[in-house]
Amino acid sequence: MSEAWITLATNDRYAQGALTLLNSLHSSGTNRKIHCLITNEISTSVRQELEAKFDEVTVVDVFNSNDSDNLALIGRPDLGVTFTKFHCWRLTQYTKAVFLDADTMVIRNSDELFERPDFSAAADIGWPDMFNSGVFVFSPSLETYRALVALATSSGSFDGGDQGLLNEYFSNWRDLPSAHRLPFIYNMTAGEFYSYAAAYRKYGAQTKIVHFIGAEKPWSSNTREIGIHKSEHYQQWHTFSQQKFSPTKKVQEPRSSQVSH
Ligand code: UDP
Ligand code: MN
């Protein structure tokens with residue numbers, strides 16, 4: 001039995017996110033491997049840094065939806081490349097894996113996620129009957145990979161990105177048993193809806209994984225203009241990004257000897 005965290009960076013900007021995510025995972029004391037998917041667009045020096053720090057790095061081909069119409073609808077012309085994410089289903093050396101977007105950070109140990117069934121994800125804040133594809137638990141499978149590629153080629157994604165296609169493929173997610181629905185604390189996205197501020201004040205301390213959704217990322221230069229540089233999670237991201245690399249020894253205990261959390 002082998003289990004791993006998996007992320008993706010197709011360029012040097014998102015690689016900054018992946019490296020910060022890696023530091024946050026080390027700080028959380030995880031005993032699972034951490035694996036990064038990259039593409040050839042990454043520069044040589046950044047690739048070497050990723051290879052030195054991650055437990056595994058795999059170079060994959062860029063897979064792009066090239067669907068400018070639907071991407072314009074969500075205002076994110078950059079997201080076609082997120083189809084590259086589907087390569088994570090090919091990592092069949094793992095029986096169970098957790099995919100994390102490069103714009104997430106783990107602020108408290110979340111290793112219990114590996115006990116969740118294939119396929120598990122948290123609700124999207126824009127349309128909570130669908131899941132957000134930035135954090136999900138899955139079992140790698142070539143069959144699923146091929147089915148996703150076939151669906152991408154035949155019908156495409158309704159939002160032009162990976163989230164639309166994955167929700168199309170796992171279209172029964174909303175009606176699955178509750179174990180498949182991850183609590184919001186595993187994919188906490190700051191919201192502007194009026195109920196958010198008070199809920200965050202009450203429950204925010206329970207947050208385990210923060211997700212910086214949207215076009216502005218903590219590594220973008222204009223975060224000051226839009227005001228997010230003041231948020232505590234943004235500052236925490238910067239602390240993790242500057243942290244010295246200190247790998248933890250990965251000794252994964254057999255499932256039977258794990259006590260419940
Ligand atoms: N991604 C990437 N390069 C890109 C765009 C996206 O590597 O140019 C990867 C990265 O892992 C990223 C994920 O795809 O976290 C999903 O994109 P993003 O997080 O920007 O989408 P959002 O969460 O804002 O919807
Ligand atoms: Mn994201």
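Analyst: Start with handedness. A crossing is left-handed if the near helix is turned anticlockwise from the far one by less than a right angle, and right-handed if clockwise. Keep in mind that this model is predicted.

User: Is the crossing of helix 4 and helix 5 left-handed or right-handed?

Analyst: Helix 4 crosses helix 5 in the right-handed sense.

User: Which residues make that contact?

Analyst: Helix 4 supplies T144, A147, L148, L151 and A152. Helix 5 answers with L165, L166, E168 and Y169. By class, the contact of helix 4 with helix 5 holds seven nonpolar residues, one polar and one charged.

User: What describes two packed helices?

Analyst: The angle between their axes and the distance between the axes. Take helix 4 (residues 142-154) and helix 5 (residues 162-169): their axes cross at roughly 115° and come within 10 Å. Angles from 65 to 115 degrees count as roughly perpendicular. Helix 4 and helix 5 are therefore roughly perpendicular to each other.

User: At what angle do helix 1 and helix 2 pack?

Analyst: At about 15°, with the axes of helix 1 (residues 12-27) and helix 2 (residues 44-53) 11 Å apart. So helix 1 is roughly parallel to helix 2. Their crossing is left-handed.

User: Which residues of helix 1 and helix 2 meet?

Analyst: From helix 1, D12, A15, L19, L22 and H26. From helix 2, V46, E49, L50 and K53. The contact of helix 1 with helix 2 divides into five nonpolar, one polar and three charged residues.

User: How do the axes of helix 1 and helix 8 cross?

Analyst: At roughly 90°, and the axes of helix 1 and helix 8 (residues 232-242) come within 8 Å. That makes helix 1 roughly perpendicular to helix 8. Helix 1 brings Q16, G17, T20, N23, S24 and S27 to meet W237, F240 and S241 of helix 8.

User: Now the ligand. Which residues come nearest to ligand 1?

Analyst: L8, T10, Y14, D103 and K217, out of 16 residues around ligand 1. Next, look at pairs of polar atoms. A polar side-chain atom of T10 sits 2.7 Å from a nitrogen atom of ligand 1. The side chain of R76 has an N or O atom 2.9 Å from an oxygen atom of ligand 1. For N11, a side-chain N or O atom is 3.3 Å from an oxygen atom of ligand 1.

User: Which peptide bond is cis?

Analyst: The one from D118 to F119, with omega near 5°. F119 lies in the loop between strand 5 (104-106) and strand 6 (120-123).

User: Which residue has a positive phi although it is not a glycine?

Analyst: N66, with a phi of about 45°. Find N66 in the loop between strand 3 (56-59) and helix 3 (68-73).

Definitions and conventions: Residues numbered from 1 in each chain as written. Chains lettered and ligands numbered in written order. Predicted model: local features only at pLDDT ≥ 70, side-chain atom pairs only at ≥ 80, totals over all residues. Heavy atoms only, no water. Axes fitted to C-alpha atoms, helices over the stretch in contact; angles between N-to-C directions. Helix = DSSP H or I, 4+ residues; strand = E, 2+ residues; numbered from the N terminus. Parallel < 35°, antiparallel > 145°, perpendicular 65-115°, else oblique. Contact = heavy atoms within 4.5 Å. Nonpolar A, V, L, I, M, F, W, Y, C, P; charged D, E, K, R; others polar. Near = heavy atom within 4 Å. Polar contact = N/O pair within 3.5 Å; in protein donor to acceptor, adjacent residues only side chain to side chain.
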